[in-house]
Amino acid sequence: MNKPVPPDELMTDEDGPLYAPRKKVYPQSVSGRFRSIKWRLMAVCLGVYYLLPFVRWHRGLGAPDQAVLIDFPNRRFYFFFIELWPQEVYYFTGLLVLAALTLFLMNALGGRIWCGYLCPQTVWTDLFYAVERLVEGDRRAQMKADAGPMTVKRAGRRALKHAIWLLIAWWTGGAWVLYFADAPTLVRDLATFQAPAIAYLWIAILTASTYLLAGYMREQVCVYMCPWPRIQAALTDEWALNVTYKYDRGEPRCSVKKAFDIRSLGEKAGDCIDCNQCVAVCPTGIDIREGAQLGCIQCGLCIDACDAVMTKVSRKTGLIGYDNDINVQRRIAGKEEIFKPARARTVVYASLITVVCAVMLYALMSRTLLDVNVLHDRNPIAVRLSDGAIRNGYTLRFLNKRGFDRVIAIDVDGPTDAKLHVIGADSVTPDRPMIVLGRDTTTELRVLVTVPFDEKAEKSVPVTFRVTDIGLGEVAFATDHFVLP
Amino acid sequence: MSEHNEIDRVSGRSTTGHEWDGIKELNTPLPRWWVLTFYATIIWAIGYWVVYPAWPLVSGYTTGLFHYSTRASVATDLADLEKLRGEKMAVLGSASLADIEKDPALLALARARGKTVFADNCAPCHGSGGAGAKGYPNLNDDDWLWGGSLDQIMQTIQFGARSGHAKAHEGQMLAFGRDGVLKKDEIVTVANYVRSLSGLSTAPKFDTAAGKKIFAENCTSCHGDNGKGNQELGAPNLTDRIWLYGSDEETLIETITNGRAGVMPAWVGRLDPVTVKALAVYVHSLGGGK
């Protein structure tokens, strides 16, 4: 842990600059349980991201057949069997609430699982590190090369590394734009330079951001830019499992030989042999033995490194592992370890997730596919006709969210003896107007409601427009008022 | 500035020589990139003078090499807009009024065009929603002075009423009182008679027979035997519930005494034929069209 700087040291003239120059991190390659979990998760995450736009989903004639598509020109969002209209964007609010709660739950159970395994910054940085090690060699080779002079061979390798990085970054940007248009068509257009300029622009932006964030910014994003580590510090509790150096077992650190000597005297020697492997493999360049800290994204690679060393020196593995300070203290006091995954907060998070899921599922299942909105004329709000009858005008907007045309009938309920007239649709049955709604679109019509002269008519009565699908029997309502001049 | 080159002991940098309460300001020159950018903007400004209008002269100004003018660019934009609308407006121009109303797309186009033109030209008298005011007809209802069919509305918009145009609607309510045709008590009597035609209450001592006689002698030539009006002359129907100037006794006495002759201007020549067509369709679609 950071030691406080004594006040007299702060006062010296030799105070450094206010910013610390970045110390380049050379994470060493490592293998083990967590490394293989990370490889697999990386394959899944990148696989989904790069390939999803090419998955097809049949929706019928005239509709796009891309499984996941954000169609800005036509203002539609497609996700497999779901099609959302712009006014249904609130579903995304539900998704965001769900995402936040899931992050909270993960945090309460196993610390920064998101940061260590799933965050795009982690995944792409991990990939870029792998490329770097493949081309320029492992930690030691890189450090040695960086300390030495620039040679032709080294320059060549460096150029190759940047070329591969740029290729990955470019592919990342390329995959991004495929979510916004028909992927196979866009790929062809991009290749023949016929795609819209905006596509090339976004590929350039995403290429640049991927290259800079994963190639150069790396752990600085987590340490300086990202708010999530700060939020997590406020969310966590003493029971959450975090990647922990079990100092009860590791301290005092000493070499294998010294430990043997001390133990033969009957005194306590720690299991940590101070080999620094946990520091060497760390992608953010921290020392886990200093305890929980902002820079630790809890990727578990130090666990793999330490376990390998412990196996070599024939000691029990798990000197670094998912643990918490309560258990460290209990072991020091000679008590049993206890784990409490089911606590008030995890139960609350889990139930909230269930509730939000249920609400969203219900909202999705009960989503209306036929809808009508009404807007009363503002000027004039009512018109007196020559026989004393009163007429009100309304604008009706129909929403047909189905993938085919449908015929609807419009009825009006409310005022006594109300007559309905649709402007531009007098050829069909006048007492019950029927109109055709185009597939997957909105239709706007002006309608007039006329009520015969009545001395005792109320100043304002509710009026309901009832829209009935003639074929399917689906019904939608819109309510407004019928008013006198 | 004698101390300009004094070196600050702590930072090892020179000071500006300015001192406040013993605190000296370090000399921190602008970064080179900033200075270069500053010079670049000066050069840019000079370039701007050369290519764009910049300096006022005694009469006029320097036009610059590009001869740029905001006035000209507005004119170009407007011309482009007309060109853009041209095709669609041509379709409106060639379709008949009835066809426009039958085709939903054309109807929507005509209504959209008509609505803006109405707001610019008609709203000052008829109101933004066409609801009219005292003396200015409500265009939403089904009572029309000069006829409410598409063609009749188009005719009225083109040539107006009492507008001075040769083809304008003519005919007016005479000033029976001012011109001495009817006496004061006769005017009161006929005003009450007119109220009775549409079922409105009359004065207690009102003589129906006298009123009917005065009406038959003076009013029927324009308003018809039973007061139903005549759209050829713009004579309103006196038996319905819509009153352009008001139906109370006082207003009717004023109308009969001084006459009425509201003016609708002629729009032919001021609005192009396609626009007038769109306007006619728009007014017709407000709800009262016949």
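**View 1. Two domains of chain B meet here.** Ten residues of domain 1 of chain B are in contact with nine residues of domain 2 of chain B, where contact means that C-beta atoms, placed from the backbone, lie within 7 Å. The side of domain 1 that touches domain 2 has five nonpolar, two polar and three charged residues. Here Ala, Val, Leu, Ile, Met, Phe, Trp, Tyr, Cys and Pro count as nonpolar, Asp, Glu, Lys and Arg as charged, and the others, Gly among them, as polar. Domain 1 covers 72–168 + 264–285 and domain 2 covers 184–258, with bounds from an automatic or database domain assignment. Their centres, taken over C-alpha atoms, are 33 Å apart.

A word on reading these views: this is a predicted model, in which local features need pLDDT of at least 70, side-chain atom pairs count only at pLDDT 80 or more, and totals for chains, interfaces and linings use all residues. Residues are numbered from 1 along each chain as its sequence is written, while chains are lettered from A and ligands numbered from 1 in the order in which they are written.

**View 2. Chain B as a whole.** Eleven helices and two strands make up the elements of chain B; helices (H or I, at least four residues) and strands (E, at least two) are DSSP runs, numbered from the N terminus. Chain B has a radius of gyration of 36 Å, well over the 19 Å that the globule rule gives for 290 residues, so it is more spread out than a compact globule. That radius is taken over C-alpha atoms, and the rule is 2.2 Å times the number of residues to the power 0.38. Along the principal axes, the C-alpha atoms of chain B fill a box of roughly 120 × 55 × 45 Å.

**View 3. Chain B touches chain A.** Here 19 residues of chain B are in contact with 14 residues of chain A. On the chain B side, five are nonpolar, eight polar and six charged.

**View 4. An open sheet in chain A.** Four strands follow the order S11-S9-S13-S14, with antiparallel pairing; two strands pair if DSSP finds at least two bridges between them. Strands S11 (434–437) and S14 (475–483) of chain A stand at the edges with a single partner strand each, so one side of each has no neighbour in the sheet. Nine bridges link S13 (residues 460–469) and S14 of chain A, and A:Phe465 has A:Ala478 as its bridge partner in S14.

**View 5. Two hairpins in chain A.** Strands S1 (residues 68–71) and S2 (residues 76–79) of chain A pair antiparallel over four bridges, with A:Val68 opposite A:Phe79. Four residues lie between these strands, and A:Arg75 in the turn has a positive phi of about 55°. Three bridges then join S2 to S3 (residues 82–84) of chain A. A:Phe79 stands opposite A:Ile82 in S3, and A:Phe80 in this second hairpin has a positive phi near 50°.

View 6. Most residues other than glycine have a negative phi, and most peptide bonds are trans. A cis peptide bond joins A:Glu251 and A:Pro252, with omega about -10°; another joins A:Asn379 and A:Pro380, with omega about -5°. A:Asn276 has a positive phi of about 65° and, with 12 C-beta neighbours inside 10 Å, counts as exposed. A residue is buried if 20 or more other C-beta atoms lie within 10 Å of its own, exposed if 12 or fewer, and partly exposed in between, with C-beta atoms placed from the backbone.
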